[in-house]
Amino acid sequence: MVTYVSALLYGVGGLVVAGMALLVALQEKLVYVPVLPGLTKSYPITPARLRLTYEDVWLQSSDGVRLHAWFIKLLPNCRGPTLLFFQENAGNIAHRLEMVRIMIQRLQCNVFMLSYRGYGASEGYPSQHGITKDAQVALDHLYQRTDIDTSRIVVFGRSLGGAVGTVVTKNNPDKVAALLVENTFTSILDMAGVLLPFLKWFIGGSSSKGPKVLNFLVRSPWSTIDVIGEVKQPILFLSGLQDEMIPPSHMQMLYAKAAAHNRRSVFAEFPTGMHMDTWLAGGDHYWRTIQEFLQQHVQEKKDDESSNNDIDVGAK
């Protein structure tokens with residue numbers, strides 16, 4: 001009996017050690033996948049292939065990393081909303097161009113697509129600390145532009161991008177008008193237990209009941225659940241109920257946390273939406289949901305309001 005118990009304990013200990021080794025050695029490769037299997041790091045296409053009017057934008061993050069982005073405009077003088085789009089963890093911005101093409105048409109908006117460091121044509125290596133800097137410099141660039149309505153900048157993040165977008169939105173209440181979050185996790189800490197179930201006893205986010213003794217090993221925790229409640233701007237949660245990668249319950253928990261502090265939180269479900277195709281599976285309902293949200297919370301300034309403001313200022 002003692003021998004059996006000892007063997008069992010050694011087995012459990014071996015699993016813990018193996019889990020620790022995987023976390024230390026492979027976590028960046030699990031969280032950040034700039035190159036999809038069988039493909040190269042470079043862009044397979046550019047917006048020109050889809051006949052989109054775009055601008056190559058080169059930025060420098062605050063720590064000196066050179067970044068690339070595409071700024072795609074509906075029209076040269078479009079004053080509609082400008083969506084700052086943060087992608088998922090795998091592939092590059094070129095793989096999202098078909099979705100962005102439809103987004104521009106349906107929402108009558110501009111889209112700024114940032115390549116995180118280490119992705120696409122951007123230099124460097126991805127990390128939570130670095131990508132947070134990248135998101136900030138992208139937003140700062142948009143806010144300084146004179147060819148868009150800077151009062152209508154909307155952050156849109158999917159999956160990992162939702163975590164990135166939540167942080168930059170929380171940090172910039174004066175620059176971001178609203179936040180869209182799609183199929184995003186509560187935290188990478190919670191996702192560790194989804195990907196490797198035995199780890200849920202040792203790693204977890206703030207809502208986890210486990211001992212969390214291995215949390216210190218996670219270099220990119222992306223704890224969205226701890227940030228979302230601090231976002232003051234309107235938030236739209238877009239949840240695909242057939243998400244095969246991130247349990248839809250994560251989105252429900254994020255919404256509950258936000259709604260407890262922010263009355264301008266909206267939750268929308270799409271019954272057939274999977275992790276990457278909610279926009280496609282949701283069809284017209286998906287785009288109308290976003291349209292209605294933007295119409296309500298990111299309204300265009302009326303010309304007469306601007307004129308009245310100018311008159312008021314001149315009269316003082």
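How far is the sulfur of Cys109 from the closest cysteine sulfur, and in which residue is that sulfur? The sulfur of Cys109 lies 7.4 Å from that of Cys78, which is too far for a bond, a disulfide being a pair of cysteine sulfur atoms within 2.5 Å.

Before going on, note that this is a predicted model, in which local features need pLDDT of at least 70 and side-chain atom pairs count only at pLDDT 80 or more, while totals for chains, interfaces and linings use all residues. Residues are numbered from 1 along each chain as its sequence is written, and side-chain values use heavy atoms, with hydrogens and water left out.

Stay with the two cysteines and select Cys109, which counts as buried at 0% relative accessibility, and then Cys78, which is buried too, with a relative accessible area of 7% (buried means under 20% relative accessible area, exposed over 50%, partly exposed in between, with a 1.4 Å probe and protein chains only). The structure as a whole holds zero disulfides.

Next, select residues 97-107, helix 2, together with residues 283-297, helix 8; helices here are DSSP runs of H or I with at least four residues, numbered from the N terminus. Their axes, lines fitted to C-alpha atoms over the stretch in contact, with angles from 0 to 180 degrees between N-to-C directions, come within 10 Å and cross at roughly 50°.

Finally, show the side chains where the helices are in contact (heavy atoms within 4.5 Å): Met99, Ile102, Met103, Arg106 and Leu107 belong to helix 2, whereas Asp284, Trp287, Arg288, Ile290, Gln291 and Leu294 belong to helix 8.

Conventions. Helix = DSSP H or I, 4+ residues; strand = E, 2+ residues; numbered from the N terminus.
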